Amino acid sequence: YRDKAVAEADALLRTAPDDPYFLELKGQVLLESGKPLDALPPLREAVKKAPDAPMIAAMLGHALIATEKPENFPEAERVLKTAVNRDNDNPFAWYQLGVIYDRKGDLARAALATAERYNLEGNPKLALVSAETALRGIPAGTPDYLRAQDIAMVSRTAVKKDKDKRD
């Protein structure tokens, strides 16, 4: 199936070689068929052609992580940070960014990224636990600390409302 899907993506690219979405499609097919290294060139090109498309950037970040090559992780972090800065409502991008922080050993920021994801997914209990973990490891007063505080406060309120509803 992969060969047929790649051939279809290549046929689309012959009609519009600079189309970032056709490039993304080819990269996605390669990535999802276990070829993350092969996915990098079309995904990088797609990001270059559509720098304001955070979903494409998130997929590139995912492919970079999927290579399991630590030398690709700094690029993945840059790409994913850009993606969440442009669209912070993408749980998948937050998840991938959390993976990068975890691989770097920055467990506090991994917890913050996880809190962001759970917050977006409407899971206040897990968002609260993750935000509180982040608060224990991020320097007070920094933007990341303040964001973790915000998520903790919103999540605590939502958890209390859920509890009150049940009682």
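User: What are the helices and strands here, and how are they numbered?
Analyst: Helices (H or I, at least four residues) and strands (E, at least two) are DSSP runs, and they are numbered from the N terminus. The structure they are taken from is a predicted model.

User: OK, in what order do the elements run from the N terminus on?
Analyst: Starting at the N terminus, the order is α-α-α-α-α-α-α-α-α, and the count for the protein is nine helices and zero strands.

User: What does the C-alpha trace span along its principal axes?
Analyst: The C-alpha trace covers about 60 × 35 × 25 Å along those axes. The protein has 167 residues, of which 42% count as buried.

User: And how many of the contacts join residues at least 24 apart?
Analyst: If you take the contacts between residues at least 6 apart in sequence, 47% of them join residues at least 24 apart.

User: Let's do helix pairs. How is a pair of packed helices described?
Analyst: Two packed helices are described by the angle between their axes and by the distance between those axes.

User: Then at what angle do α1 and α2 pack?
Analyst: The angle between α1 and α2 is about 165°, and their axes are 9 Å apart. Angles over 145 degrees count as roughly antiparallel, so α1 is roughly antiparallel to α2. The crossing in which α1 passes α2 is left-handed. On the α1 side the contact includes Val6, Ala9 and Leu13, while the α2 side includes Phe22, Leu23 and Val29.

User: What about α3 and α4, are they parallel or antiparallel?
Analyst: They are roughly antiparallel to each other, since their axes cross at roughly 155° and come within 9 Å. Here α3 passes α4 in a left-handed crossing. Among the residues that meet are Leu40, Leu43 and Ala46 in α3, and Ile56, Leu60 and Ala63 in α4.

User: How far apart are the axes of α4 and α5?
Analyst: The axes of α4 and α5 are 8 Å apart, and the two helices pack at an angle of about 155°, which makes α4 roughly antiparallel to α5. This crossing, too, is left-handed as α4 passes α5. Residues making the contact include Ala57, Leu60 and Gly61 of α4, together with Ala76, Val79 and Leu80 of α5.

User: New topic: which residues of the largest nonpolar core touch the most other members?
Analyst: That core has 35 residues, and the ones touching the most other members are Leu43, Ile56, Leu60, Ile65, Leu80, Leu97 and Ile100. Each of α1, α2, α3, α4, α5, α6 and α7 supplies at least two residues of this core, and α4 gives the most, with eight residues. There is also a second, separate core of 15 residues, which includes Leu112, Ala115, Ile138 and Ala152.

User: What does Ile56 touch?
Analyst: Not counting residues up to four places away in sequence, Ile56 touches Pro20, Tyr21, Glu24, Leu43, Ala46, Val47 and Ala50.

User: Ala46 is on that list. Is Ala46 buried or exposed?
Analyst: Ala46, which lies in helix α3, counts as buried because its relative accessibility is 0%, and the cut-off for buried is under 20%. Setting aside neighbours within four places in sequence, Ala46 is in contact with Pro20, Leu23, Glu24 and Ile56. The C-alpha atoms of Ala46 and Asp18 are separated by 8.1 Å, although these residues are 28 apart along the chain.

User: Why does Glu116 count as buried?
Analyst: Glu116 counts as buried because it has 6% relative accessibility, and its place is in helix α7. Apart from neighbours within four places in sequence, Glu116 is in contact with Trp94, Arg147 and Ile151.

User: How far apart are the end C-alpha atoms of α8?
Analyst: They are 20 Å apart, which agrees with the 20 Å that the 14 residues of α8 should span at 1.5 Å a residue. For α9, the 24 residues should span 34 Å, and the end C-alpha atoms are 35 Å apart, which agrees as well.

Technical notes:
Residues are numbered from 1 along each chain as its sequence is written. This is a predicted model: local features need pLDDT of at least 70, side-chain atom pairs count only at pLDDT 80 or more; totals for chains, interfaces and linings use all residues. Side-chain values use heavy atoms; hydrogens and water are left out. The expected span of a helix is 1.5 Å times one less than its number of residues. A nonpolar core is a set of buried Ala, Val, Leu, Ile, Met, Phe, Trp, Tyr and Cys residues joined through side-chain atoms within 4.5 Å. Buried means under 20% relative accessible area, exposed over 50%, partly exposed in between (1.4 Å probe, protein chains only). Contact means heavy atoms within 4.5 Å. Axes are lines fitted to C-alpha atoms, for helices over the stretch in contact, and angles run from 0 to 180 degrees between N-to-C directions. Angles under 35 degrees count as roughly parallel, over 145 as roughly antiparallel, 65 to 115 as roughly perpendicular and the rest as oblique. A crossing is left-handed if the near helix is turned anticlockwise from the far one by less than a right angle, and right-handed if clockwise.
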